Amino acid sequence: MIDEYKEVYKRALNIYGEKNQVVMVFEEMSELQKTLTKHLRGICDKRAIADEIADVEIMLEQMKLLFNLENEVEERKQFKVERLMTRLDQKHSEIENKVCRVNGAPCCERKPVCEDWKVKK
């Protein structure tokens, strides 16, 4: 976290109050959810998405300070990213080892949705 920002986040917690800032996290996450829902409906506004992600990140940084979790969040994030990498590698391996039930060839580009494939033996 940039030290200059950290001081601003601390000021926000002090001026607005801890309870209000926790409520604000909910509000900012809701606004991001709404913006992403619009994107799924075909209304793509990258600037709005960027703004809402920034708002949520600012609030999350405040929460890390409020609960004194800066180091713990980084540790948990590292653990979870490593776990995701393992799961992705496993999934990739599963997909690479599947063949089409119809013609025995390696699965086509429809791998995740094709019902004609099975695991190689």
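Contact here means heavy atoms within 4.5 Å, and buried means under 20% relative accessible area, with exposed over 50% and partly exposed in between (1.4 Å probe, protein chains only). Helices (H or I, at least four residues) and strands (E, at least two) are DSSP runs, numbered from the N terminus.

You're looking at a predicted model, where local features need pLDDT of at least 70, side-chain atom pairs count only at pLDDT 80 or more, and totals for chains, interfaces and linings use all residues. Residues are numbered from 1 along each chain as its sequence is written, and side-chain values use heavy atoms, leaving out hydrogens and water.

**Stop 1: colour by confidence.** pLDDT is the predictor's confidence in each residue, from 0 to 100. The protein averages 88, and 83% of the residues score at least 70.

**Stop 2: select 18-40.** This is helix α2, with 23 residues. From first C-alpha to last it reaches 33 Å, close to the 33 Å expected at 1.5 Å a residue (the expected span is 1.5 Å times one less than the number of residues).

**Stop 3: the buried residues of α2.** Show Gln 21, Val 25, Glu 28, Leu 32 and Thr 35, the buried residues of this helix. What do they pack against? Their partners are α1 (3-16) and α3 (46-66). Residues three or four places apart on an α-helix point the same way, because there are 3.6 residues a turn.

**Stop 4: zoom in on Thr 35.** Thr 35 counts as buried because its relative accessibility is 13%. Beyond neighbours within four places in sequence, Thr 35 is in contact with Ala 48, Ile 49 and Glu 52. Thr 35 and Ile 49 are 14 residues apart in sequence, yet 6.1 Å apart in space, C-alpha to C-alpha.

**Stop 5: where α1 meets α2.** Select Ala 12, Leu 13 and Tyr 16 in α1; they meet Glu 18, Asn 20 and Gln 21 in α2. By class, that contact has three nonpolar, two polar and one charged residues (Ala, Val, Leu, Ile, Met, Phe, Trp, Tyr, Cys and Pro count as nonpolar, Asp, Glu, Lys and Arg as charged, and the others, Gly among them, as polar).

**Stop 6: Lys 64.** Finish in helix α3 with Lys 64. Is it buried or exposed? At 13% relative accessibility, Lys 64 is buried. Not counting residues up to four places away in sequence, Lys 64 touches Leu 69, Glu 70, Val 73 and Glu 74.
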